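Colleague: Please show me the model, and then let us discuss it residue by residue.

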Amino acid sequence: MTGSIVILTGAGISKESGLSTFRDPDGIWAQVRIEDVATPQAFVRDEERVHAFYNARRKALLDPAIAPNDAHVALAILESNWQGGEVTLVTQNVDDLHERAGSQNIIHIHGELLKARCMACRAVAEIRGDMTPVSRCPVCQERGSLRPHVVWFGEEPMQMDEVHGKVSACALFVSIGTSGNVYPAAGLVEIAREAGARTVELNLEPSAGASLFDETRYGKASEIVPVFVARILGVA
Ligand code: OAD
Ligand code: ZN
């Protein structure tokens with residue numbers, strides 16, 4: 001096989017690293033309601049609560065026990081060894097485990113937990129500690145203007161034009177660890193199919209759009225992703 005590859009990842013790839021998924025029985029949306037913590041309206045209504053939710057997730061991500069697993073590592077190996085064209089990682093995850101594993105060509109369509117955005121000057125800055133309703137923007141010094149640099153329900157995902165371009169031109173599209181419930185990410189497989197790409201789903205269980213994939217493999221990401229990558233690279 002030759003040509004470029006687009007990999008879409010979701011929360012399932014980080015599950016074995018110790019981060020929660022959203023829609024599994026023990027997932028985040030079983031504990032808090034989307035409309036309380038992940039919408040622009042929630043932020044207007046109760047900024048403190050929304051900050052507390054993302055502060056807790058940021059703290060969990062920065063726990064020394066959290067590290068990339070073999071699935072993240074395999075995707076970094078794929079990117080650095082694939083000779084057939086470009087490898088682009090499109091992730092719905094706001095964690096930085098792909099970066100820590102060594103992937104470089106990453107598009108975070110739902111934003112990043114370790115970044116804050118200033119609503120006054122639009123600057124995006126790294127943040128590792130807690131944010132509060134009176135935090136000061138490190139760029140314009142305005143107080144109370146910072147929000148998490150994440151995409152909330154009702155907001156446009158980031159860099160989607162670029163993502164559409166990559167998916168429309170790829171030869172292989174692989175979806176990993178996502179339930180296929182959230183659009184536009186869940187619709188990328190159809191764009192890939194229209195472009196004539198081969199489509200593969202790697203997940204713990206069939207996703208909402210499982211029938212749209214040419215090939216499906218079910219199991220834990222840390223087990224099935226390294227096997228798949230080895231096959232693509234022709235080393236297994
Ligand atoms: P979900 O929680 O909806 O789906 C996670 C998927 O991972 C499920 O299909 C699980 O079966 C699968 N899974 C669980 N453990 C796994 C493992 N060890 N190996 C492989 N797969 C595993 O998470 P996402 O699809 O990523 O958006 O959710 C999409 C978006 O919805 C998120 O980005 C977030 C959320 O609301 C926003 O907050 C905007
Ligand atoms: Zn600012």
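Modeller: Leaving aside neighbours within four places in sequence, Thr91 is in contact (heavy atoms within 4.5 Å) with Thr9, His98, Ile106, Ile107, His108, Ile109 and His110. This is a predicted model, in which local features need pLDDT of at least 70, side-chain atom pairs count only at pLDDT 80 or more, and totals for chains, interfaces and linings use all residues. Residues are numbered from 1 along each chain as its sequence is written, chains are lettered from A and ligands numbered from 1 in the order written, and side-chain values use heavy atoms, without hydrogens and water.

Colleague: Is Thr91 buried or exposed?

Modeller: Buried means under 20% relative accessible area, exposed over 50%, and partly exposed in between (1.4 Å probe, protein chains only). Because the relative accessibility of Thr91 is 0%, this residue counts as buried.

Colleague: Which geometry does the site of the zinc ion (ligand 2) have?

Modeller: Its protein donors (N, O and S atoms within 2.8 Å of the metal, or 3.2 Å for Na, K and Ca; water is not among the atoms, so sites may look incomplete) are Cys118 (SG), Cys121 (SG), Cys137 (SG) and Cys140 (SG), lying 2.3 Å from the ion. Four donors count as tetrahedral if all angles lie between 85 and 135 degrees. The angles among the four donor atoms of the zinc ion (ligand 2) are 105 to 113°, and the site is tetrahedral.

Note on methods: Four donors count as tetrahedral if all angles lie between 85 and 135 degrees; four count as square planar and six as octahedral if opposite donors are over 155 degrees apart and all others between 65 and 115; anything else is irregular.
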